[in-house]
Amino acid sequence: MAAPAEGSEAALKAALADVPELARLLEIDPYLKPYAVDFQRRYKQFSQILNSIGENEGGIDKFSRGYESFGVHRCADGGLYCKEWAPGAEGVFLTGDFNAWNPFSYPYKKLDYGKWELYIPPKKNKSVLVPHGSKLKVVIKSKSGEILYRISPWAKYVVREADNVNYDWIHWDPEHLYKFKHSRPKKPRSLRIYESHVGISSHEGKVASYKHFTCNVLPRIKDLGYNCIQLMAIMEHAYYASFGYQITSFFAASSRYGTPEELKELVDTAHSMDIIVLLDVVHSHASKNSADGLNMFDGTDSCYFHSGPRGTHDLWDSRLFAYSSWEVLRFLLSNIRWWLEEYRFDGFRFDGVTSMLYHHHGIGQGFSGDYSEYFGLQVDEDALTYLMLANHLAHTLYPDSITVAEDVSGMPALCSPISQGGGGFDYRLAMAIPDKWIQLLKEFKDEDWNMGNIVYTLTNRRYLEKCIAYAESHDQALVGDKTLAFWLMDAEMYTNMSVLTPFTPVIDRGIQLHKMIRLITHGLGGEGYLNFMGNEFGHPEWLDFPRKGNNESYHYARRQFHLTDDDLLRYKFLNNFDRDMNRLEERFGWLSAPQAYVSEKHEGNKIIAFERAGLLFIFNFHPSKSYTDYRVGTALPGKFKIVLDSDAAEYGGHQRLDHSTDFFSEAFEHNGRPCSLLVYIPSRVALILQNVDPPN
């Protein structure tokens with residue numbers, strides 16, 4: 001029987017029969033109906049692979065435990081079991097300190113499907129054959145006869161010693177493994193993410209440690225009211241300046257910050273503070289390194305990657321995974337499980353999702369929002385199926401785990417349940433928001449800011465697909481760009497941030513707008529909020545890792561947290577505001593509340609007003625005009641009080657509002673709201689009012 005024609009009623013009926021909850025997705029967004037067959041095909045491919053894993057591997061639970069057999073493992077009898085996948089190799093051997101680096105004395109036995117295994121019996125005295133901390137290498141004899149020294153793709157610890165160019169594989173088998181003391185926190189109803197990089201977390205010009213972060217940074221994050229940390233640059237990467245996005249060893253926690261056990265302690269300590277920890281996972285590409293990376297592992301340009309041009313990302317100069325390969329799926333899904341189980345991460349922020357989703361990798365694409373851009377031959381459905389499998393695995397193992405997609409394209413249903421034909425992510429990053437703030441600061445005078453356009457950017461998201469809003473992330477802090485604080489205040493941050501000096505117009509404007517931009521993004525922009533470490537207090541300058549171009553300097557690869565501790569500097573004001581904004585969200589939960597009702601976006605007055613979670617948010621972006629008895633609409637009658645005021649003294653404001661004032665709303669319809677109240681709104685101020693005494 002021929003397949004029904006796309007777009008026909010029969011095709012739609014078949015799609016609805018195959019995808020359990022597709023009807024719900026099409027009810028939410030009827031404009032997706034013409035693409036029902038695409039959702040059907042994606043879901044069927046996902047189901048077929050999942051079923052095939054069940055038939056051939058005993059299920060995804062077993063399939064995702066590849067790290068239990070692949071790599072090098074000490075057996076109960078004291079012997080050693082080793083296993084690798086090297087389909088292009090002519091021979092595979094194990095060498096290292098344990099056999100005085102004899103390259104061929106321990107050959108692996110060839111198995112089916114490109115796998116190789118080796119069992120080395122224990123010593124007669126039963127002592128450990130390969131002691132903890134000793135060096136190892138896999139030796140590959142290629143089809144052309146080349147002898148290649150490689151690090152196992154499953155290596156758990158690699159170290160670069162002294163001035164060595166390449167990393168060494170260290171056998172990690174300590175006598176005492178870290179024992180977790182604390183259970184995982186419950187999934188928070190509102191996600192407030194502190195995006196962090198361990199290496200730059202000290203004010204000193206050096207690579208900071210897991211220990212330093214645990215002892216010094218975690219307490220700050222807790223005090224600031226964040227309930228989630230997103231850890232960048234944890235998966236081992238040979239090039240520090242890649243910001244952790246050129247991975248060389250996928251199962252190894254970066255040794256430049258300390259040991260695997262110290263990372264476990266960091267995660268466990270965060271859990272003790274009720275803070276969940278997400279890993280910035282990079283499965284979109286891999287480093288081109290071959291001596292200490294995955295590239296050319298078996299002597300061929302394929303193995304884990306596509307062969308030829310398809311296997312290379314032109315802009316990133318990195319290798320691209322062959323997501324349709326059985327062993328690549330085992331490797332990547334096992335990697336997801338490894339970080340969840342071994343280190344107890346609570347979920348992932350998937351990097352480079354746009355590059356994965358499309359054969360064009362997003363290069364040169366504008367993404368206008370036309371639905372035809374998200375379907376058809378340009379979509380890499382093998383990669384999309386892998387992402388669906390990864391989300392399925394994470395949420396099956398730990399139903400409270402959280403996955404976030406870094407996707408700039410806005411692919412529909414990426415954050416819808418797999419049962420609807422969606423990608424299965426919990427959140428996507430609202431990547432248009434930081435671009436909007438940078439555009440406004442670079443290209444427009446304050447009096448020309450378009451209130452309607454700001455509101456549109458902050459609220460333009462797909463219904464029931466959750467977004468993480470952010471004013472700026474690590475991307476905006478990198479060299480070549482500037483943080484919002486630096487766009488606002490620039491060179492004056494070096495001279496006029498002391499409370500002993502009068503406010504200059506530049507510093508005054510910068511401090512007030514910094515708070516307003518963050519609050520309106522937090523309140524209106526999504527169902528979660530993200531901040532990159534240090535930006536909450538207006539960290540000066542930019543971020544630049546040591547490299548040849550800056551004489552290997554660490555000057556810009558650090559975070560100067562001590563600036564907020566200095567009572568004579570104005571950074572404390574921004575820090576205080578960020579803390580109280582987060583703590584207020586914890587009380588009222590606006591991020592987990594339905595999207596806000598915006599009652600006003602007045603271009604002339606530069607006023608934005610909206611209600612969310614029973615709170616009334618009011619913003620006056622006008623650089624000079626204050627308004628007495630300004631009428632603001634609300635759904636609620638009764639008495640209102642100020643619960644957050646960016647103009648308060650502790651936030652570096654001008655104290656123009658009396659917090660003892662009661663505001664009474666009356667049954668006077670205004671801007672589509674049944675009630676309204678009169679309020680004094682000074683220039684460049686953000687307010688949140690709470691209804692404290694609603695009438696019975």
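Predicted model: local features only at pLDDT ≥ 70, side-chain atom pairs only at ≥ 80, totals over all residues.
Residues are numbered from 1 along each chain as its sequence is written, and side-chain values use heavy atoms, with hydrogens and water left out. Local features require pLDDT of at least 70 and side-chain atom pairs pLDDT 80 or more, whereas totals for chains, interfaces and linings use all residues.

Helices (H or I, at least four residues) and strands (E, at least two) are DSSP runs numbered from the N terminus. In strand 10 (residues 191-197), seven of the seven residues are buried, that is, under 20% relative accessible area with a 1.4 Å probe and protein chains only. In a regular strand the side chains alternate between the two faces of the sheet. Both faces of strand 10 are covered, with Leu-191, Ile-193, Glu-195 and His-197 buried on one side and Arg-192, Tyr-194 and Ser-196 on the other.

Strand 10 pairs (at least two DSSP bridges between two strands) in the parallel sense with strand 21 (residues 528-532) over five bridges, where Tyr-529 is the bridge partner of Arg-192. Five bridges likewise join strand 10 to the parallel strand 11 (residues 228-232), in which Gln-230 is the bridge partner of Glu-195. From strand 10 the chain passes through helix 5 (residues 210-224) to strand 11 in a right-handed β-α-β crossover, a term denoting a clockwise path from the first strand over the helix to the second when the strands point away from the viewer.

Helix 11 (residues 451-459) is largely enclosed by the rest of the structure, because seven of its nine residues are buried. Among the elements that cover these buried residues are helix 10 (432-443) and strand 22 (597-602), contact being heavy atoms within 4.5 Å.

Key: Buried < 20%, exposed > 50% of the residue type's maximum accessible area, 1.4 Å probe, protein only.
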